[in-house]
Amino acid sequence: MTRKQAREEAFILIFEKYFNNGTLEEILECAIEARDIEPDDYIREVFFGVYENLEMLDELISSNSVGWSIKRISKTSLAVLRLALYEIKFMDEIPVSVSINEAVEICKKYATKDDASFVNGILATVVKS
C-alpha cells in the first residue's frame with residue numbers, strides 16, 4: 001500500500017468514527033474485515049493519534065477558522081483537517097507541503113472544491129502561525 005493509499009484509509013477511518021460509537025480498535029477491525037485492508041504503522045499511528053490528540057487538534061482548527069464554529073465545518077473537511085494537522089504536528093518525516101497537498105486532494109475526491117479551498121486556507125494559516 002502506498003502512503004497516499006494509507007492516508008486515504010486513515011481519513012476514511014477518522015470519518016467513520018463520527019458515525020460509529022465503537023472503540024477505535026473495533027472500528028479498525030470492522031474496516032479490516034469489510035474492506036480487506038491491511039493497516040500499516042502509518043494508518044494505526046494516524047487513526048489512534050488523531051483521537052488521542054483530538055482536543056488539541058480541534059483547538060487548532062477552531063482558533064484558525066475565523067467566523068466558523070467547528071460544528072459548522074463539514075464532517076469530511078473536519079476529518080481531513082484532523083488528519084493533516086496530526087501529520088504536521090507529530091510526523092516530522094512528512095513534509096508540511098505534502099500533508100497540505102494530500103489533504104486538498106482528499107477533499108477534492110470526497111467533498112467539494114470549496115471544501116478543498118477551506119481546508120487549504122486553514123492548514124496554511126496554522127503553518128504560518
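**Questions on a predicted helical model**

Q: Why is Arg 7 called buried?
A: Arg 7 has a relative accessible area of 2%. Buried means under 20% relative accessible area, exposed means over 50%, and partly exposed lies in between (1.4 Å probe, protein chains only). The value of 2% is therefore in the buried range.

Q: What do the numbers rest on?
A: This is a predicted model, in which local features need pLDDT of at least 70 and side-chain atom pairs count only at pLDDT 80 or more, while totals for chains, interfaces and linings use all residues. Residues are numbered from 1 along each chain as its sequence is written, and side-chain values use heavy atoms, with hydrogens and water left out.

Q: Where is Arg 7, and what does it touch?
A: Arg 7 belongs to helix 1, residues 3-16. Helices are DSSP runs of H or I with at least four residues, strands are runs of E with at least two, and both are numbered from the N terminus. Leaving aside residues up to four places away in sequence, Arg 7 touches Tyr 42, Leu 83, Glu 87, Ile 94, Val 98, Glu 102 and Ile 106. Contact means heavy atoms within 4.5 Å.

Q: What makes the link between the side chains of Arg 7 and Glu 87 a polar contact?
A: The two side chains are joined at 2.8 Å. A polar contact is a pair of N or O atoms within 3.5 Å; within protein, one must be able to donate a hydrogen and the other to accept it, and residues adjacent in sequence count only if both atoms are side-chain atoms. The distance of 2.8 Å is within that limit.

Q: Why is helix 5 described as largely enclosed?
A: Of its 16 residues, 13 are buried, so helix 5 is largely enclosed by the rest of the structure.

Q: What makes the pair of Phe 11 and Tyr 110 tilted?
A: The structure holds eight aromatic pairs. In the pair of Phe 11 and Tyr 110, the rings are 5.1 Å apart centre to centre, with 45° between the planes. Rings of Phe, Tyr and Trp (its six-membered ring) pair if their centres lie within 6.5 Å; planes under 30 degrees apart count as stacked, over 60 as edge-to-face and the rest as tilted. An angle of 45° therefore counts as tilted. Phe 11 lies in helix 1 and Tyr 110 in helix 6, so the pair ties together parts that are 99 residues apart in sequence.

Q: Why is Tyr 110 called partly exposed?
A: Its relative accessibility is 34%, so Tyr 110 counts as partly exposed. Phe 11, at 3%, is buried.

Q: Why is the pair of Tyr 18 and Phe 19 called edge-to-face?
A: The planes of Tyr 18 and Phe 19 are 75° apart, and their centres are separated by 6.2 Å. Phe 19 is exposed at 58%.

Q: How do you know that Lys 75 lies over the face of Tyr 18?
A: Lys 75 is at 5.6 Å from the ring centre. A charge sits over a ring if NZ of Lys or CZ of Arg is within 6 Å of the ring centre and within 35 degrees of the ring normal.
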